[in-house]
There are 2 protein chains.
Amino acid sequence: MRLRPAFTAPLLALAVAACAHAPAAAPAKALTTQEVIDASTPADWRPLDPANTLYLQLPSGMVVIELAPQFAPAHVANIQALARGHYFDGLSINRSQDNFVVQWGDPAGDEAVLRRPLGDARAALPAEFSRPAEGLAFNALPDPDGWAPQVGFADGFAAARDPKAGKAWLTHCYGTVGAGRAAAPDSSNGSELYVVIGQSPRQLDLNITTVGRVVVGMERLSVLPRGSGPLGFYADAAQRVPILAARLATDVPEDARARIEVMRTDTATWDAYVESRRNRRDEWYVHPAGHVDVCNLSVPVRPIAAPKG
Amino acid sequence: MRLRPAFTAPLLALAVAACAHAPAAAPAKALTTQEVIDASTPADWRPLDPANTLYLQLPSGMVVIELAPQFAPAHVANIQALARGHYFDGLSINRSQDNFVVQWGDPAGDEAVLRRPLGDARAALPAEFSRPAEGLAFNALPDPDGWAPQVGFADGFAAARDPKAGKAWLTHCYGTVGAGRAAAPDSSNGSELYVVIGQSPRQLDLNITTVGRVVVGMERLSVLPRGSGPLGFYADAAQRVPILAARLATDVPEDARARIEVMRTDTATWDAYVESRRNRRDEWYVHPAGHVDVCNLSVPVRPIAAPKG
């Protein structure tokens with residue numbers, strides 16, 4: 001008997017079969033997730049912007065990160081400068097705390113004399129815990145979650161918005177990437193990054209700068225052995241996982257880039273996808289929840305064909 | 001620079017220092033989590049009931065599961081019968097799906113002719129997706145979450161309650177253990193178990209029978225390599241992780257049992273703990289959330305001294 005909480009994660013495997021390119025009728029209500037994806041059109045998908053796509057090369061393979069300059073412009077610019085300067089190459093993943101975060105950067109930690117120079121990147125940046133709500137296209141979810149006045153998606157990122165305060169921010173969900181900081185709110189500079197590997201730690205929202213999300217390769221980070229030191233840091237330096245290289249997609253030959261596209265989050269197809277997750281219509285389910293959390297919605301990803309020529 | 005979203009997980013390491021046994025003053029408001037634990041008294045903690053404690057022995061070590069007969073009496077009785085019959089010994093973990101579940105049982109799957117006999121356990125059970133709300137001591141959280149009319153804790157388990165429908169159930173949180181089923185709602189019997197390893201899949205609530213929670217050893221399950229087959233099943237049988245043994249604590253000599261206790265969830269100390277998570281008072285935080293999700297609250301666990309004699 002195979003367990004069938006038949007959650008077919010909206011990942012590559014699922015989306016591979018989803019290239020039917022049906023005519024662009026607005027998806028009807030009460031579709032399954034698979035039916036929504038099957039009925040999607042090319043316009044429902046978008047490529048990643050190579051300038052804002054970071055490839056993290058680990059011994060186990062590649063992790064693809066989409067950076068969010070619309071939320072943390074100074075931090076993303078710094079991460080881009082660090083990647084261009086090959087700052088992360090040869091550094092390591094130094095922390096893996098169960099149900100919380102995996103973190104990478106300079107293992108020298110606070111010992112400034114040993115730390116790798118930042119090159120063209122800035123040592124100090126302003127905190128970017130939120131951005132103005134104005135000017136951000138925000139597709140709100142129908143369900144409140146108690147953590148923020150509104151939650152939804154903006155440019156493909158899980159996000160929250162406070163219309164009264166006029167602020168918006170990336171929510172801490174599985175796969176969200178942030179910039180570690182010390183006690184001072186403005187002590188992050190993007191050289192130390194973490195990714196959420198467990199239950200959404202939304203208490204971090206508005207307390208730290210979030211810079212993007214993992215699009216492909218979460219399973220290369222989430223399975224790393226947990227560290228036995230305080231906060232999940234590896235007590236033994238031999239447990240650290242080396243970062244072979246971190247590159248912007250723009251700095252990689254076109255034919256070596258990840259050939260993927262992601263579902264847009266500002267379309268009728270996306271809204272139908274959300275509804276298919278709020279109320280599962282797959283035959284396995286007997287009780288549709290009538291609710292979905294912003295962190296339960298993975299943005300579907302699928303491969304695209306190699307460029308011709 | 002060490003990242004300090006200084007989440008000190010309420011796990012063993014933290015609680016080790018928490019044996020101060022201060023006089024039983026009701027904890028004041030605005031304490032940090034550490035302060036709440038430091039101020040707790042012995043009466044704020046409870047041992048696990050050995051009859052409802054399942055030890056899963058993996059090559060990497062032990063996983064301790066607390067069973068919940070008050071929520072799924074027939075399934076728990078069956079799991080107890082399976083454990084007493086050594087049913088799980090030599091079976092395996094067969095599935096690891098990123099951000100969803102790890103699952104164990106008979107890898108023969110649907111091939112009934114190959115399946116291991118269930119011994120004294122029953123082959124068929126009623127579905128136990130919920131239980132009557134009446135008769136269950138339920139400590140509700142102050143914050144609604146949108147998934148259920150009420151969420152909170154009952155007998156140490158994360159749970160939800162619907163007063164109108166008169167039902168209560170275990171919520172699917174990180175570490176929640178459930179009984180896999182096929183398409184028919186009553187097709188689970190406890191021989192196939194799964195544990196949540198990612199963002200709380202609350203859409204499963206009221207769709208499947210939940211039987212307990214992992215108290216210690218989640219990191220032995222959450223780091224297992226993800227399976228490359230459909231739904232994260234291991235495509236290659238060699239990837240399966242053997243279960244060396246599964247035993248009830250009652251069937252293990254007393255001096256070989258896990259010496260742990262867990263925080264009660266029906267005390268003023270628990271309520272203070274919840275408040276310390278809703279509004280973090282640790283110096284690192286600049287923005288208290290004013291909210292906590294039932295799945296963000298790990299019940300603190302700590303070692304207890306070995307029995308004398």
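Predicted model: local features only at pLDDT ≥ 70, side-chain atom pairs only at ≥ 80, totals over all residues.
The expected span of a helix is 1.5 Å times one less than its number of residues.

**Overall architecture of chain A**

Chain A contains five helices and 17 strands. Of its 309 residues, 60% count as buried. Among the contacts in chain A with a separation of 6 or more, 71% are made by residues 24 or more positions apart.

**Helix 3 in chains A and B**

In chain B, helix 3 covers residues 73–84, and its twelve residues reach 16 Å from the first C-alpha to the last, close to the 16 Å expected at 1.5 Å a residue. In chain A, helix 3 (residues 73–84) also has twelve residues; the span should be 16 Å at 1.5 Å a residue, and the end C-alpha atoms are 16 Å apart, which agrees.

Helix 3 of chain A is mostly covered, with nine of its twelve residues buried. These buried residues are Ala74(A), His75(A), Val76(A), Asn78(A), Ile79(A), Gln80(A), Ala81(A), Leu82(A) and Ala83(A). They pack against several strands of chain A, including strand 2 (53–58), strand 3 (61–67) and strand 11 (176–179). Strand 12 (193–196), strand 13 (209–216) and strand 15 (245–248) of chain A are also among the packing partners.

Helix 3 of chain B is likewise mostly covered, and nine of its twelve residues are buried. The buried positions in chain B are Ala74(B), His75(B), Val76(B), Asn78(B), Ile79(B), Gln80(B), Ala81(B), Leu82(B) and Ala83(B). The elements that cover them include strand 2 (53–58), strand 3 (61–67), strand 11 (176–179), strand 12, strand 13 and strand 15 (245–248) of chain B.

**Positive phi angles**

Most residues other than glycine have a negative phi.

Asn99(A), which is not a glycine, has a positive phi of about 60°. Its place is in the loop between strand 4 (92–96) and strand 5 (101–105) of chain A. Asn99(A) is buried, because its relative accessible area is 16% and the limit for burial is under 20%. Asp155(A), also not a glycine, has a positive phi of about 55° and is placed in the loop between strand 8 and strand 9 (157–162) of chain A. At 38% relative accessibility, Asp155(A) counts as partly exposed.

**Salt bridges**

Over all chains, the whole structure has 20 salt bridges. Three of them are listed here.

| Residue | Partner | Closest N and O atoms |
|---|---|---|
| Asp145(A) | Arg202(A) | 2.8 Å |
| Arg278(A) | Glu275(A) | 3.0 Å |
| Arg202(B) | Asp145(B) | 2.8 Å |

In chain A, Asp145(A) forms a salt bridge with Arg202(A). This pair links distant parts of the chain: Asp145(A) belongs to the loop between strand 7 (139–140) and strand 8 (150–154) of chain A, and Arg202(A) to the loop between strand 12 and strand 13, 57 residues apart. Asp145(A) counts as buried at 2% relative accessibility, and Arg202(A) counts as buried at 2% relative accessibility.

Arg278(A) and Glu275(A) both lie in helix 5 (residues 268–278) of chain A, three residues apart, or about one turn of the helix. Both Arg278(A) and Glu275(A) are buried.

In chain B, Arg202(B) forms a salt bridge with Asp145(B). Arg202(B) lies in the loop between strand 12 (193–196) and strand 13 (209–216) of chain B and Asp145(B) in the loop between strand 7 (139–140) and strand 8 (150–154), so the pair ties together parts that are 57 residues apart in sequence. Arg202(B) and Asp145(B) are both buried. Elsewhere, Arg46(A), Glu66(A) and Arg213(A) are joined into one network by salt bridges that share partners.

**Cavities**

The whole structure holds three cavities of 30 Å³ or more. The largest cavity contains about 60 Å³ of space. Its lining draws on chain A through Trp147(A), Gln199(A), Ser200(A), Arg202(A), Asp293(A) and Asn296(A), and on chain B through Trp147(B), Gln199(B), Ser200(B), Arg202(B) and Asp293(B). By class, the lining of the largest cavity has two nonpolar, five polar and four charged residues.

Note on methods. Residues numbered from 1 in each chain as written. Chains lettered and ligands numbered in written order. Heavy atoms only, no water. Helix = DSSP H or I, 4+ residues; strand = E, 2+ residues; numbered from the N terminus. Buried < 20%, exposed > 50% of the residue type's maximum accessible area, 1.4 Å probe, protein only. Contact = heavy atoms within 4.5 Å. 1 Å grid on protein atoms, 1.4 Å probe; cavity = no way out; pocket = protein on both sides within 12 Å on 5 of 7 lines; lining within 4 Å. Points joined across faces, edges and corners; volume = space filled by probe spheres on them. Nonpolar A, V, L, I, M, F, W, Y, C, P; charged D, E, K, R; others polar. Salt bridge = Lys/Arg side-chain N within 4 Å of Asp/Glu carboxyl O.
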